[in-house]
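Subject: Handover of a two-chain model

Dear colleague,

Please find below the structure for your records. My notes on what was found in it follow directly after.

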Amino acid sequence: MSQLLQQLIDRGQVIDDWLSPLRAHALEALSNAKWPNRRVESWKYTSLAPLEQLELSPSAKADKAIIDDIEGLNSLDLVFVDGKLQSDISLLPLPKGLHIASLLDPSVKEQSTANALFAKIKPQRHLFGLINDALAEDGLIIDIDAGAKIEQPIRIVNLSSDGQESHHRILVRLGSHASATVIEHGQGNEASLSTGFAEYEIGEQAYLEHYRLAMHTHQAIHIGGCHFSLKQKARLNSTLIAYGSDLSRMDVDIIHNGEHAKAKLNAVYLLGESERFDLHSTIEHVMPNGTTQENARGIVGDKAKAVFNGRIHIHRDAQKTLAELHNRNLLLSRRGQINTKPELEIYADDVLCAHGATVAETEEETLYYLLSRGIPRSKALVMLNFGFIQELVNQMPNQHLAQWLKPQLEARFVEMEVK
Amino acid sequence: MLKIKNLHASVEQKNILTGLNLDIKPGEVHAIMGPNGAGKSTLGFILSGREGYEVSEGKIEFQGEDLLNMAIEERARKGLFLAFQYPVEIPGVSNMAFMKESVNAIREQRGETPLTATEFLKKAKEACTQVQLSLDFLKRGVNEGFSGGEKKRNEIMQMILLEPSLCILDESDSGLDIDALQVVANGVNSQRDGKRSFIIITHYQRLLDYIKPDYVHILASGKVVKTGDASLATDVEKEGYAFLGQDNAEETNA
């Protein structure tokens, strides 16, 4: 048992709130858990050492923060600083059918929604998910009535600041035939740890458009997850954009619990310097006739290191499943590293599955051709190497968000390339 | 325009150029002929700045400046253009976007304002028509799925759009049928304006029937062994490179 883990458990044990009964299970699981090292498969390529070296204190009180406006997005903004909600929900003009409550202070009805979701969709196996179960005090419960079409995107921002440790939790339920857009945006660059886990239940024929922007850099350690349960004919379109920090890790689970559900997951990661990013995705096809399309694409420069582990698990009853998973990488430097592993586990016999992973380098001859036409080096590299990333950004259903992201991603790429 | 003095160069420790001299004045057309392995393409690559070539001796002056000190893109922006023997295919990057980027990078160098999308499209269409490529080629990926002849014409189209001061054509005639050869030659001839210079690298005299050179140089074993007027090309066509002697022929085959 590591000292750090023991401290976290001790802290979890003294929390006394309405979630305590739900935390008990996680605390027990944690007390039997081992602190992961390289011999643990799911942490094989990602070291927790940067976390062990941090000196942190649980965040007490944070300042108000002002966040960037995204042109044209017109979102409902909920801002957290170090895991503490700064926005006053009562002041938000919530459209009909949308209910948002703080995890700190829910009504009885909201508590019952939370009870149905908390640690019910997120699988047990994520150690930091359990830590978040035990320690997340603040967060949101978002409940969308059956049939409600929420046009305005819901943007949840969490900013991490120096020396702070924070754990926040998002629980979302979309009733049947409902639709909504949720953007989870995390950001920070100073020495900190944030864990952020979100659980989504997408009701029958409901549609969730989802974004997770994990833009943590430098010493801002972020470990989080997005976990989706899809009921019959539910649809999910999710985009993950990740930078890398000393330690950045994301676990995504998509579970087809109803027939004819459709999931699309696009992930983009851009890492430079000595940044780390680790993406583990698991798609569970439990019921028949489901469709999953997953595309993860990344660029790794300098001494950075990316890990991609994409698993598709097709259960025995999940006949007529269509599942595709592709991972494409571009390695810009000889010192960079990419570990990619697609895993297919199929127990049904009538399914259509495809998977693949590639790692490529810049083609010198092609670059020379562009340069010989006077095109500046940075521009040439963007033209050659950025298209496959832009393709995924262009697929984002929300073009305001895409337009806001594009120049940032491009600038980050150029910076990575120069080094 | 271009002065090459005693150029020695190697690639992977193999000596390719062994004391090459060349002096090209504005408006002149120089043909460089020679057997395979003489160093013709190497000369084109060194002039354009391709990596992997080591210059051990000699110097190159381009418009009074030290060419060897310039980055690849800088040479292009200062007016040097190489039409590739084997243009690369770049799927995913449209020919149009590629050429617009290129034209505007060069305009910027000349202190001109960048062309708008509409202005560029107009010019690109004209150039396309001139080299007899259908306008679809602008939308396609750079050289993606182009035939050999279409790639060569695409190179000439770029040359027309970029308005360089020194054009180097590396075997732009190879693999072309007679119609395509004429298109390439007409493209070049249309750009002869008394100021722009050309280096035409070719194995055969064929192209020179359509583009009349001022000088013909025979390159063998890494240096110019004979210089003459257009008639020298005709002699070579009749008699082959046998006059270079046994030594050179052997080296050529090696």
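In chain A, strand 6 and strand 8 (residues 179-188) run parallel and are joined by six bridges. Helices (H or I, at least four residues) and strands (E, at least two) are DSSP runs, numbered from the N terminus, and two strands pair if DSSP finds at least two bridges between them. Within this pairing, A:Val182 of strand 8 is the bridge partner of A:Ile154. Strand 6 of chain A also pairs with strand 2 (residues 76-81) of chain A, again in the parallel sense and over six bridges. There, A:Leu76 stands opposite A:Ile154.

The model is a predicted one: local features need pLDDT of at least 70, side-chain atom pairs count only at pLDDT 80 or more, and totals for chains, interfaces and linings use all residues. Residues are numbered from 1 along each chain as its sequence is written, while chains are lettered from A and ligands numbered from 1 in the order in which they are written.

Strand 6 of chain A (residues 154-159) is mostly covered, with six of its six residues buried. A residue counts as buried if 20 or more other C-beta atoms lie within 10 Å of its own, as exposed if 12 or fewer do, and as partly exposed in between, with C-beta atoms placed from the backbone. In a regular strand the side chains alternate between the two faces of the sheet. In strand 6 of chain A, A:Ile154, A:Ile156 and A:Asn158 point one way, A:Arg155, A:Val157 and A:Leu159 point the other way, and all are buried.

Further along chain A, strand 18 (residues 322-331) is paired with two other strands. Strand 16 (residues 291-300) of chain A runs parallel to strand 18 of chain A and is joined to it by 10 bridges; A:Asn295 stands opposite A:His326 of strand 18. Strand 20 (residues 352-361) of chain A pairs with strand 18 of chain A in the parallel sense, also over 10 bridges, and A:His355 of strand 20 is the bridge partner of A:Leu325.

One residue of helix 9 (residues 399-418) of chain A is also worth noting, namely A:Leu405. A:Leu405 counts as buried because it has 20 C-beta neighbours inside 10 Å. Neighbours within four places in sequence aside, A:Leu405 is in contact with A:Ile241 and A:Val393, where contact requires C-beta atoms, placed from the backbone, to lie within 7 Å. A:Ile241 is 164 residues from A:Leu405 along the chain, yet their C-alpha atoms are separated by 9.3 Å.

Turning to the interface, 15 residues of chain A are in contact with 17 residues of chain B. On the chain A side, helix 6 (364-371) and helix 7 (377-385) are the elements that give two or more residues. Helix 6 of chain A contributes the largest share, five residues.

Chain B has nine helices and 12 strands. Its radius of gyration, 18 Å, is close to the 18 Å that the globule rule gives for 254 residues, so chain B is as compact as a globular protein of that length; the radius is taken over C-alpha atoms, and the rule is 2.2 Å times the number of residues to the power 0.38. The C-alpha trace of chain B spans about 55 × 40 × 35 Å along its principal axes. Of the 254 residues in chain B, 45% are buried.

Four strands of chain B form an open antiparallel sheet in the order 2-1-4-5. Its edge strands, each pairing on one side only, are strand 2 (14-24) and strand 5 (65-66) of chain B. Eight bridges join strand 1 (residues 2-11) to strand 4 (residues 53-62) of chain B, and B:Glu61 of strand 4 is the bridge partner of B:Lys3.

Finally, in helix 7 of chain B, the buried residues are B:Ala180, B:Leu181, B:Val184, B:Ala185, B:Gly187 and B:Val188. Seen down the helix axis, these buried residues fall within an arc of 155 degrees, so they line one face of the helix; the arc is that of the directions from the axis to the C-beta atoms. B:Ile178, B:Asp179 and B:Ser190 are exposed on the other side. The cover over the buried residues includes helix 4 (117-130), helix 6 (148-162) and strand 10 (197-202) of chain B.

Yours sincerely

Technical notes: Contact = placed C-beta atoms within 7 Å.
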